[in-house]
Amino acid sequence: MKSQIQTDVEKFRSSFEKFNLIYQRASSEERKFLDDVKKVLRRNINYSARDVADAIGIGRSTLFYRLKKLGCLLYTSPSPRDLSTSRM
């Protein structure tokens, strides 16, 4: 049986891998946005969405919209291994 720590580590690893995949497929503008979000979260991982949105100078609904749009890259972009159709 897995401990709670093992489960949390696996969830974190999965989230980190998904973030890296999204980042690889993102445009340069989208990468800048993600970099801004990362900088804020490095200061305090417990920030709320409102704190993050305020820190990067956008509204909370815009933050959610842009993050949701980027999340869709996981499912709509071609595989980075398929160089003939990849956005990279």
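At what angle do the axes of helix α3 and helix α4 cross? The axes of α3 (residues 49-56) and α4 (residues 60-71) cross at roughly 95° and come within 8 Å. Axes here are lines fitted to C-alpha atoms, for helices over the stretch in contact, with angles from 0 to 180 degrees between N-to-C directions. So α3 is roughly perpendicular to α4, a label that covers 65 to 115 degrees. On the α3 side the contact (heavy atoms within 4.5 Å) is made by A49, R50, V52, A53 and I56, and on the α4 side by R60, L63 and F64. Six of these residues are nonpolar, none polar and two charged; Ala, Val, Leu, Ile and Phe are among those counted as nonpolar, and Arg is one of the charged.

A word on provenance. This is a predicted model: local features need pLDDT of at least 70, side-chain atom pairs count only at pLDDT 80 or more, and totals for chains, interfaces and linings use all residues. Residues are numbered from 1 along each chain as its sequence is written, and side-chain values use heavy atoms, with hydrogens and water left out.

Now the whole chain. The protein chain has five helices and zero strands, both taken as DSSP runs (helices H or I, at least four residues; strands E, at least two). Of its 88 residues, 18% are buried, meaning under 20% relative accessible area with a 1.4 Å probe.

Last, E30, in helix α2 (residues 28-43). E30 is buried, at 13% relative accessible area. A polar atom of the E30 side chain lies 2.7 Å from the backbone nitrogen of S27.

How values were computed: Buried < 20%, exposed > 50% of the residue type's maximum accessible area, 1.4 Å probe, protein only. Parallel < 35°, antiparallel > 145°, perpendicular 65-115°, else oblique. Polar contact = N/O pair within 3.5 Å; in protein donor to acceptor, adjacent residues only side chain to side chain.
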